[in-house]
Amino acid sequence: MEIKLIQILFVSTALFFIGVFGFLTRRNTITMLMAVELILNSVNINFVAFNKYLYAGSLDGVFFTLFLIAITAAEAAVAIAIIINIYRSHKSIDIEDADELKW
Amino acid sequence: MSIKAFIFFILAGFILLTGLLSVTEKRIFRAAIYLLFCMMGIAGLYFWMDFDFIAAVQVVVYVGGIVVLIIFSIFLTHQIGTDLEEPTRRRVNFATLAALFGFAFCFVTIREANLAGIGNNITELSVRDIGRQMLSLNEHGYILPFEVVSLLLLAAMIGCIVIAIKTPMPESGANQNLKT
């Protein structure tokens, strides 16, 4: 049995919606950040799978994956800096406690 | 079933199981460890697809960088041994519904698209080719995004320091008293 593209896309779609589920249920900012990481990883799997199965011979999916990994690292670092700052001023990182901007 | 397909199914099951555990686990430290295993499984999937360089980058950046950063911030912001609070029943129901419907919608769309991939192996993807094309100035070169990403990383580094630096704020004490 040969593995087709659709099976890899099944895995990445399922991982994306696992991340969406976690993002909607969690109220702790660090665990929400972890759910976002899962979502971004599923996108990376998609790029690599499309490069392998549909455009074999070109390298564009590889480059998109590499740049996405770099951007994800920057995003995680900034998010954690913000979380630590929220913890310092609110003594909590629950998303419901930081509601000053909520109208 | 060939051994390659078997390995794929094991990797897929491992990724989905650890991903699901990492978003449902009540103890936050274990959730971070499950996320680490999920990233390792995704790196294994890249190895399975013969993209060794991407797999190595995945291990170095995600497993060695981001998950360790998350664990550090857990240590900075949590009392060890306290569980996360349980999400309310209503929120879990609606999130499950949203995830299931979204998954069904996306997967039906993907099936309808009928992507008939050929799936032949790439001709020896080497790091030399990646480096040459990334830094080439020709039509398919990626030198401009490379430079932009380096600027972005610099900006993110400075931004992190500016955000997380400790500034003496006289009004923050009053704010805390008001909170407690």
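## Fold of chain B

In this predicted model, chain B holds seven helices and zero strands. Read from the N terminus, its elements run α-α-α-α-α-α-α.

Chain B has 180 residues, of which 19% count as buried. Take the contacts in chain B between residues at least 6 apart in sequence: 48% of them join residues at least 24 apart.

## The interface from the side of chain A

Chain A puts 60 residues in contact with 69 residues of chain B. On the side of chain A, the elements giving two or more residues are α1 (5–25), α2 (29–53) and α3. The largest share comes from α3(A), with 21 residues.

By class, this side of chain A has 45 nonpolar residues, ten polar and five charged.

## α3(A) against α6(B)

On α3(A), the contact is made by A:Phe67, A:Ala70, A:Ile71, A:Ala74, A:Ala77, A:Val78, A:Ala81, A:Ile82, A:Ile84 and A:Asn85. On α6(B), the partners are B:Pro145, B:Val149, B:Leu152, B:Leu153, B:Ala156, B:Gly159, B:Cys160, B:Ile163 and B:Ala164. The class count for this contact is 17 nonpolar, two polar and no charged residues. A:Asn85 and B:Gly159 are among the residues that make it.

## α2(A) against α3(B)

The second pair joins α2(A) to helix α3 of chain B, residues 52–77. Here the angle is about 175°, and the axes lie 11 Å apart. Angles over 145 degrees count as roughly antiparallel, and α2(A) and α3(B) are therefore roughly antiparallel to each other.

From α2(A) come A:Ile30, A:Leu33, A:Met34, A:Glu37 and A:Val48. They meet B:Ile54, B:Ile66, B:Ile70, B:Ser73 and B:Ile74 in α3(B). By class, this contact has eight nonpolar residues, one polar and one charged. A:Glu37 of α2(A) and B:Ser73 of α3(B) both take part.

How values were computed:
Residues are numbered from 1 along each chain as its sequence is written. Chains are lettered from A and ligands numbered from 1 in the order in which they are written. This is a predicted model: local features need pLDDT of at least 70, side-chain atom pairs count only at pLDDT 80 or more; totals for chains, interfaces and linings use all residues. Two residues are in contact if their C-beta atoms, placed from the backbone, lie within 7 Å. Helices (H or I, at least four residues) and strands (E, at least two) are DSSP runs, numbered from the N terminus. Ala, Val, Leu, Ile, Met, Phe, Trp, Tyr, Cys and Pro count as nonpolar, Asp, Glu, Lys and Arg as charged, and the others, Gly among them, as polar. Axes are lines fitted to C-alpha atoms, for helices over the stretch in contact, and angles run from 0 to 180 degrees between N-to-C directions. Angles under 35 degrees count as roughly parallel, over 145 as roughly antiparallel, 65 to 115 as roughly perpendicular and the rest as oblique. A residue is buried if 20 or more other C-beta atoms lie within 10 Å of its own, exposed if 12 or fewer, and partly exposed in between; C-beta atoms are placed from the backbone.
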